[in-house]
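The entries follow the order in which I went through them.

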Amino acid sequence: MAVLSPPAEAPAAVPAKPRRHWLRTGFVWLGTLLGAAVVLFTLVTPDSLTQYTWMAFLRIPIEGLLLVAVFLAVRGRARTVVLSVAGVVLGLLLIIRLFNLGFYTALSRPFDPVLDWVLLDPAFGLVESSLGKTAAVVLTVILGLVVLSVPVVMTLALRRLARLAVRHQVATTRGTAVLAGVWAVCAVFSVQTGGLLVASDGAVAALGDQVGLVRRDINDGEKFGQQAQIDAFRDVPGSQLLTALRGKDVLLTFVESYGRDAVQNPQYAPQVSAVLDDGTKRLAAAGFSARSAFLTSPITGGGSWMAHETLLSGLWVDNNQRSSSLLAGDRFTLNAAFRRGGWHVGGIMPANDRDWPEGKFFQYHDLYDSRNMGYKGPKFSYVPVPDQFTLAAYQRLERQPGHQPGFTEIPLVSSHAPWTPIPQLVDWKDIGDGTVYQTMSTEGDPPDSVIRTSDKIRTAYRNSIVYSLSSLISYIETYGDDNLVVVFLGDHQPSPVIVGDTASHDVPITIVARDPAVLAKISGWGWQDGLRPADGAPVWRMDQFRDRFLTAYR
């Protein structure tokens, strides 16, 4: 009997790969690419916005090649430790480089990890005045979350990249060797892309810079303390100080962000120079003369208080550690010299809206701020009080008939970023309590619109300088007399957004007086006639002014 074999089974159908498998694979590769992009960005990102082009990222970071070599060389737990340490280090490096980007953009210098945290408060105030409190709070929260999460994200990215490198070890080794060779050739011949070296070692340089800054900060305190003890005027009796200015009201005013570019950069100089040249003629018609030059400020873009302290103390104050040391000491300032010589010393600080304990160091008899100047008008973005009102307040508070001769320091702040909106000049008799400005604070483009457009923000800067200088010239013309002496200068250049990355630290300075004997005392300085310093005008460091001024008018 025949035996029947069982029927052959049909081959089992191969199930199709689930669609979610492909999605998962796609997400894995996307995560890998994003991780590689974050690491590459950290290693080669430029410090300046002006260098941000896609070409700037077509570079080979030597640090990345070394990391790959280490990943391939170590095994097991050692690799885990190396990845964790490298992730934290690269995360901190990314945070530093992002801070550097902001600091170079705003202040034309790198972030100082020891001293610059104090700047977060004024930065918050500037963002609040430009974009509103809600936006400032949101950005602060985002910044905090980024700082906390970056090291974690960087560690995860490195782990993913390390697994890929080990899985394809042969290809990774060959590719790394080729790139190392290309790096060496590019380094020898200084090959560039986007204005930057293809053979990049920027991460090492960035970390080295930060270490150098920390070392400088540690050593600088003692050096500054020694410099502060050298003072030829500390013990000079009041009867021998400033004798050539007896009976004069001396007004020292800093014009916010009034730098050399305002009078020499073609984007701003035609309009600003026209105001200064016209002011020279108008003041000459009123009997006044002026001499002008340049001072080199210790800072640029911001940190106005350090410029004020430098000029008044005769010490180079270019960081917050020096500023704190100065205020904690007993340095003999210009304010102290005038006070010892018998002047009433006043300060009018229109940007302050809270108590300022540091004011005690400058020995003011009277100190006014936006709360007690009598201003009832609106705020102009960052600026609580317009410059013309501030000068009117000076006349009302410090120069009443029969007043004691005074030395008064006034920062004019209408030219502070974001430079909009800008008030209009009004008749001095109409200023009153400032309600005349009520409608002006809403005219023109809002700050959040201006700061997005380079042309608009530069125009706004120029217009703000024109307004501040016009207010001061008009004040001298209206209220000046034989006993008024005005010293006005810029505190620093505006940010690189306005003047570029290579602008100098120079600011104009001018002395105005009707009494010819006042300017005769500085005839040997070589300063130029008029309100506008031109090419060839003398340039001094700002910390040299105190001693030269006290010597000239002794």
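The entries below go from the cavity to the cores and then to a pocket.

Before starting I noted that this is a predicted model, in which local features need pLDDT of at least 70 and side-chain atom pairs count only at pLDDT 80 or more, whereas totals for chains, interfaces and linings use all residues. I also noted that residues are numbered from 1 along each chain as its sequence is written, and that side-chain values use heavy atoms, with hydrogens and water left out.

**Cavity.** I took a cavity to be a set of points, on a 1 Å grid over the protein atoms alone, where a 1.4 Å probe fits but cannot get out, with lining residues having an atom within 4 Å of a point. Grid points are joined across faces, edges and corners, and a volume is the space filled by probe spheres set on the points. I found one cavity of 30 Å³ or more, and the volume of the largest cavity is about 50 Å³. Its lining consists of Val250, Leu252, Leu334, Phe338, Phe407, Val487, Phe545 and Phe549. At least two lining residues each come from strand E5 (249–255), helix H12 (334–340) and helix H18 (545–552), where helices (H or I, at least four residues) and strands (E, at least two) are DSSP runs numbered from the N terminus.

**Asn335.** I then looked up Asn335, which is found in helix H12 and is buried, with a relative accessible area of 0%; buried means under 20% (1.4 Å probe, protein chains only). Leaving aside neighbours within four places in sequence, Asn335 is in contact (heavy atoms within 4.5 Å) with Leu312, Val345, Phe362, Tyr364, Phe407 and Glu409.

**Cores.** I used nonpolar core for a set of buried Ala, Val, Leu, Ile, Met, Phe, Trp, Tyr and Cys residues joined through side-chain atoms within 4.5 Å. The largest such core has 54 residues, of which Tyr258, Tyr437, Leu469, Phe488 and Val512 touch the most other members. Helix H15 (residues 454–479) gives this core its largest share, 10 residues. Apart from this core lies another, of 51 residues, including Leu326, Val485, Phe545 and Tyr553.

Last, I turned to the second largest pocket, of about 590 Å³, a pocket being an open set with protein on both sides within 12 Å along at least five of seven lines. It is lined by 22 residues, and Ala36, Val39, Gly64, Val68 and Leu161 are the closest to its centre. The largest share of this lining, six residues, comes from H1.

Technical notes:
Buried < 20%, exposed > 50% of the residue type's maximum accessible area, 1.4 Å probe, protein only.
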